[in-house]
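Trainee: I would like to learn how to read confidence, cores and helix faces in a model. Please take them in turn.

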Amino acid sequence: MTSKAVPFDGLDRKIVAALIDNGRASFAEIGAAIGLSSTAVKRRVDRMRENNVITGFTATVRPAALGWLTEAYVEVYCDSAAPPRRLAEVVRNHPEIAAAMTVTGGADALLHVRATDVEHFEEVLERIRAEPFIRKTISYMVLSHLLPDSPEAGARQSSGGAAP
């Protein structure tokens, strides 16, 4: 991977914004909206994919539709011998962990956990706590989403509102 800066101009920003708003938009639709041909849009999208500006395309699914009705954030406190890559290996083994990141402050990491119910969440938490380098955890159950149209709430990112 190169450390050289990748050219990224205003048209690229417009293409990315259009794809974020509607990932299923055709190159012709995007081109018509920003004043480019579909071929020029495709060329730019291909370049942004090659340069890891656009890293993929995905569907956003409402978690409740899949049975994930319980949600929590878990602060993880590790022994000093636990490097981030070791924690990353552990969280990859738990499909209930929707996101995980190292953080500043007292905790070493923050996990976003989705589960079918409180009992399932407790089981996931116990599996996480069983790791020998985990010193303690502090959990925060999500009661409601104050921004229900956010991707974290399972909504699609769009000016058109929440997903059906």
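Trainee: What is the mean pLDDT of the chain?

Mentor: The mean pLDDT is 88, and 90% of the residues reach 70 or more. Residues 157–164 have pLDDT below 50, and beyond near neighbours in sequence this stretch has 10 contacts in the model. Where pLDDT is low, the predicted coordinates should not be read in detail.

Trainee: Which residues have the most contacts inside the largest nonpolar core?

Mentor: A nonpolar core joins buried nonpolar residues through side-chain atoms within 4.5 Å. The largest one here has 19 residues, and Val76 and Leu111 have the most contacts inside it. Strands S1 (70–78) and S3 (109–115) and helices H4 (84–92) and H5 (118–129) each give two or more residues to this core. Apart from it lies another core, of nine residues, including Ile15, Ala25, Ile30 and Ile54.

Trainee: What does Leu111 touch, leaving out residues up to four places away in sequence?

Mentor: Leu111 touches Ala72, Tyr73, Val74, Val76, Val91, Ile97, Ala99, Ala100 and Ile128.

Trainee: Val91 is on that list. Which residues of H4 are buried?

Mentor: Buried means under 20% relative accessible area. In H4, Leu87, Val90 and Val91 are buried. Seen down the axis of H4, the buried residues fall within an arc of 95°, so they line one face of the helix.

Trainee: What do the buried residues of H4 pack against, and which exposed residues does the face turned away carry?

Mentor: The buried residues pack against S1, S2 (97–102), S3 and S4 (134–141), which are strands. The face turned away from the buried side of H4 carries the exposed residues Arg85 and Arg92.

Definitions and conventions. Residues numbered from 1 in each chain as written. Predicted model: local features only at pLDDT ≥ 70, side-chain atom pairs only at ≥ 80, totals over all residues. Heavy atoms only, no water. Buried < 20%, exposed > 50% of the residue type's maximum accessible area, 1.4 Å probe, protein only. Helix = DSSP H or I, 4+ residues; strand = E, 2+ residues; numbered from the N terminus. Contact = heavy atoms within 4.5 Å. pLDDT = per-residue confidence, 0-100. Arc of directions from axis to C-beta.
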